Amino acid sequence: MSHRASRRKLTIVSVGVAGALGAAGLTLLPSMASAAPCSDVEVVFARGSGEAPGLGIVGAPLVRDIKSGLPGKSVTSHAVDYAANFSQTSAGPGASAMTDHVRSTAANCPDTSFVLGGYSQGASVTDIALGIRTTLGTGRTIPTDLAPRVKAVVVFGNPLQLSGRTINTASGLYGAKAKEFCNTGDPVCGNGRSTAAHLRYHVNGSVQTGARFAVDRIEAG
């Protein structure tokens with residue numbers, strides 16, 4: 001699939017997803033981001049195309065479940081501040097925003113570890129921030145010296161898979177730390193035709209599994 005065709009497909013799917021989210025009343029979910037200055041763990045998450053600013057329908061429950069799985073640690077969250085536009089041109093700037101936040105927090109909070117993640121276009125934001133080349137633009141990447149502090153990467157509906165790649169296969173630095181979810185029939189990550197499949201990550205157990213993966217990685221040190 002050409003870069004132009006891939007981006008056009010993602011744009012069409014994103015518009016359909018946004019309409020479904022709006023009909024379900026899901027775009028207005030608030031961010032669960034915390035203003036705590038330093039924590040043991042911070043979850044940095046990028047929402048999907050068309051979602052209202054915040055953690056989104058996938059990021060919010062992911063943060064909640066990671067918090068509940070780490071009762072002995074302080075866990076905060078940060079919703080990546082980016083446009084999440086339908087044209088799929090905001091992934092690169094989003095990656096820069098994710099990278100800048102991680103760098104700033106890492107400098108100010110030397111004992112904080114990170115969980116990175118994203119949903120749909122937000123997964124592309126995460127890919128680019130990790131230094132993976134995608135069809136959705138370029139942006140600043142997280143310095144390699146901070147890689148040990150990124151304990152887990154959890155993404156849902158990642159467009160990278162349309163090119164036959166995953167974070168595991170595309171990144172020697174972060175591949176072993178990554179957990180990816182692509183529902184059968186999801187057009188954004190699996191060339192499927194079911195918009196509904198792209199909307200079910202927060203209700204089909206994927207979020208809980210992803211949170212458990214992150215918790216296990218953090219507890220393993």
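## Ground rules and overall layout

Helices (H or I, at least four residues) and strands (E, at least two) are DSSP runs here, numbered from the N terminus. This is a predicted model, and local features need pLDDT of at least 70, side-chain atom pairs count only at pLDDT 80 or more, while totals for chains, interfaces and linings use all residues. Residues are numbered from 1 along each chain as its sequence is written, and side-chain values use heavy atoms, with hydrogens and water left out.

The protein has eight helices and five strands, arranged along the sequence as α-β-α-β-α-β-α-β-α-β-α-α-α. Of its 221 residues, 53% are buried, where buried means under 20% relative accessible area, exposed means over 50% and partly exposed is in between (1.4 Å probe, protein chains only). The accessible surface is about 9100 Å², with 52% of that belonging to carbon and sulfur atoms; these areas come from the Shrake-Rupley method with a 1.4 Å probe, and for residues only the protein chains shown count as cover. Among contacts (heavy atoms within 4.5 Å) with a separation of 6 or more, 76% link residues 24 or more positions apart.

## Helices α2 and α3

The expected span of a helix is 1.5 Å times one less than its number of residues. For α3, residues 91-108, that gives 26 Å for 18 residues, and the end C-alpha atoms agree because they sit 26 Å apart. Helix α2 (residues 56-69) also checks out: its 14 residues should span 20 Å, and its end C-alpha atoms are 20 Å apart.

Most of α2 is covered, with 11 of its 14 residues buried; among them are Ile57, Val58, Leu62, Val63 and Ile66, along with Asp65. In α3, the buried set includes Ala91, Ala95, Met98, Val102, Thr105 and Ala106. An α-helix has 3.6 residues a turn, so residues three or four places apart point the same way. The buried residues of α3 pack against β1 (41-46), β2 (75-79), β3 (113-119) and α4 (121-129).

Aspartate 100 also belongs to α3, but it is partly exposed, with a relative accessible area of 32%. Its C-alpha is 7.9 Å from that of isoleucine 142, though aspartate 100 and isoleucine 142 are 42 residues apart in sequence.

Seven of the seven residues of β3 are buried, so the strand is largely enclosed by the rest of the structure. Ser113, Val115, Gly117 and Tyr119 point one way, with Phe114, Leu116 and Gly118 pointing the other.

Two strands count as paired if DSSP finds at least two bridges between them. On that basis β1 and β3 pair in the parallel sense over six bridges, with phenylalanine 45 partnered by glycine 117 in β3. β3 also pairs in the parallel sense with strand β4 (residues 150-156), over six bridges, and valine 115 stands opposite alanine 152 in β4. Getting from β3 to β4, the chain passes through α4, and this β-α-β crossover is right-handed. That term applies if, with the strands pointing away from the viewer, the path from the first strand over the helix to the second runs clockwise.

## The nonpolar cores

In soluble globular proteins, nonpolar side chains tend to be buried together. A nonpolar core here is a set of buried Ala, Val, Leu, Ile, Met, Phe, Trp, Tyr and Cys residues joined through side-chain atoms within 4.5 Å. The largest one has 29 residues, and Leu116, Ile142, Val153 and Ile167 have the most contacts inside it. The elements giving two or more residues to this core are β1, α3, β3, α4 and β4, and α3 gives the most, with five residues.

Leaving aside neighbours within four places in sequence, leucine 116 is in contact with Val44, Val102, Thr126, Leu130, Ile142, Val150, Ala152, Val153 and Val154. A second, separate core of 28 residues includes Val41, Ile57, Val58 and Phe181.

Threonine 126, in helix α4, counts as buried at 0% relative accessibility. Beyond residues up to four places away in sequence, threonine 126 touches Met98, Leu116, Gly117, Gly118, Val153 and Val155.

## Two loop residues with positive phi

Glutamine 88 lies in the loop between β2 and α3, with phi near 65 degrees, a positive value in a residue other than glycine. Glutamine 88 is buried, with a relative accessible area of 1%.

Asparagine 191, in the loop between α6 (187-190) and α7 (195-198), has phi near 60 degrees, again a positive value in a residue other than glycine. At 43% relative accessibility, asparagine 191 counts as partly exposed.
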